[in-house]
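Here is a briefing on one protein model. Look over the sequence and structure below, then read on.

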Amino acid sequence: MNQRDLPGHPGVTLVLRRSARARRFSLRVSGLDGQVTLSLPARAREGDALAFAAEQADWIVKARARIGSAIDVGFGTILPVEGQPVTLQPADVRSPRIEGAGLLLPRDPAKAAARTAAWLKFRARARLVEASARYAAFLGRTHGPITLRDTRSRWGSCAADGALMYSWRLILAPPKVLDYVAAHEVAHLAEMNHSPAFWAAVARLMPDYQQHRRWLKREGAGLHRYRFSR
């Protein structure tokens, strides 16, 4: 991936992407984590593209400020776990665990982010497997294998064969929000669409699903701000 600092703003990184279909320079600021992508035609000069970005620097900085920049996870980071803030702390422990308002981790700072991510994924799988099984049983259906990914475009999916996919970052959200996504995807076992019948199935599984759906639309992008690797 070709990266450059925004001229005059060394703290802002541009991701350069050349495209044979591009006819002009364009900028996009991700609503998930504030990543800035500079697209340019295949034969365009990089210097011209950076000059274009420099002219748009005020817009880039303001757009990122509205979203919030990425947070590198490490000791001292305040991270939501099942909707509750915990502070990552070094401790004499063999594996991560929550004590009070702290997430205690082995003392090696170089491994803190990776250990936290692995612990979150383990916790997410347990919660999502339980919720999926519970909702599938309510519908009298059987789901397929469950996989976890770090997807940006969707929080979950249900394949035609019943396989379920979820974003492991749902473990950062309040438990009812995770449950809503599980109910949503399991409802697809009965209705592989978003018809009124589908939403009726979701409502049978979770009568108050709308408030949790709204939370995800409003706050979900913030869950992608936490960066566990560079």
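Helix α4 (residues 175–187) packs against helix α6 (residues 209–219) at an angle of about 105°, with the two axes 9 Å apart. The model is predicted: local features need pLDDT of at least 70, side-chain atom pairs count only at pLDDT 80 or more, and totals for chains, interfaces and linings use all residues. Residues are numbered from 1 along each chain as its sequence is written, and side-chain values use heavy atoms, with hydrogens and water left out.

- Helices (H or I, at least four residues) and strands (E, at least two) are DSSP runs, numbered from the N terminus.
- Axes are lines fitted to C-alpha atoms, for helices over the stretch in contact, and angles run from 0 to 180 degrees between N-to-C directions.
- α4 and α6 are therefore roughly perpendicular to each other.
- On the α4 side, the contact involves Lys-176, Val-177, Tyr-180 and Val-181. These meet Tyr-209, His-212, Arg-213, Trp-215 and Leu-216 in α6. Contact means heavy atoms within 4.5 Å.
- By class, the contact of α4 with α6 has 6 nonpolar, 1 polar and 2 charged residues. Ala, Val, Leu, Ile, Met, Phe, Trp, Tyr, Cys and Pro count as nonpolar, Asp, Glu, Lys and Arg as charged, and the others, Gly among them, as polar.

- Strand β6 (residues 78–81) pairs with strand β7 (residues 84–90) in the antiparallel sense, over 4 bridges. Two strands pair if DSSP finds at least two bridges between them.
- Ile-78 has Thr-87 in β7 as its bridge partner.
- β6 and β7 form a hairpin with 2 residues between them. Glu-82 sits in the loop between these strands. Its phi is near 50°, a positive value in a residue other than glycine.
- β7 also pairs with strand β9 (residues 102–105), here in the parallel sense over 4 bridges. Gln-89 has Leu-104 in β9 as its bridge partner.

**Ser-95 in its loop**

- Ser-95 lies in the loop between β7 and β8 (97–99).
- At 44% relative accessibility, Ser-95 counts as partly exposed. Buried means under 20% relative accessible area, exposed over 50%, and partly exposed in between (1.4 Å probe, protein chains only).
- Ser-95 and Leu-105 are 10 residues apart in sequence, with their C-alpha atoms 6.3 Å apart in space.
- Leaving aside residues up to four places away in sequence, Ser-95 touches Leu-104 and Pro-106.

**The open sheet and its helices**

- 3 strands form an open sheet in the order β10-β12-β11, with mixed pairing.
- β10 (146–149) and β11 (156–158) stand at the edges, each with a single partner strand, so one side of each is left without a neighbour in the sheet. The twist averages 15° from one strand to the next.
- β11 and strand β12 (residues 164–167) pair in the antiparallel sense over 3 bridges. Cys-158 stands opposite Leu-164 in β12.
- Helix α3 (residues 112–139) lies across β10 and β12, running at about 140° to β10.
- α4 lies across β11 and β12, running at about 155° to β12.
- α3 has 28 residues and spans 40 Å from its first C-alpha to its last, close to the 40 Å expected at 1.5 Å a residue. The expected span is 1.5 Å times one less than the number of residues.
- Gly-140 follows α3, and its phi is positive, near 75°.

Technical notes: Angles under 35 degrees count as roughly parallel, over 145 as roughly antiparallel, 65 to 115 as roughly perpendicular and the rest as oblique.
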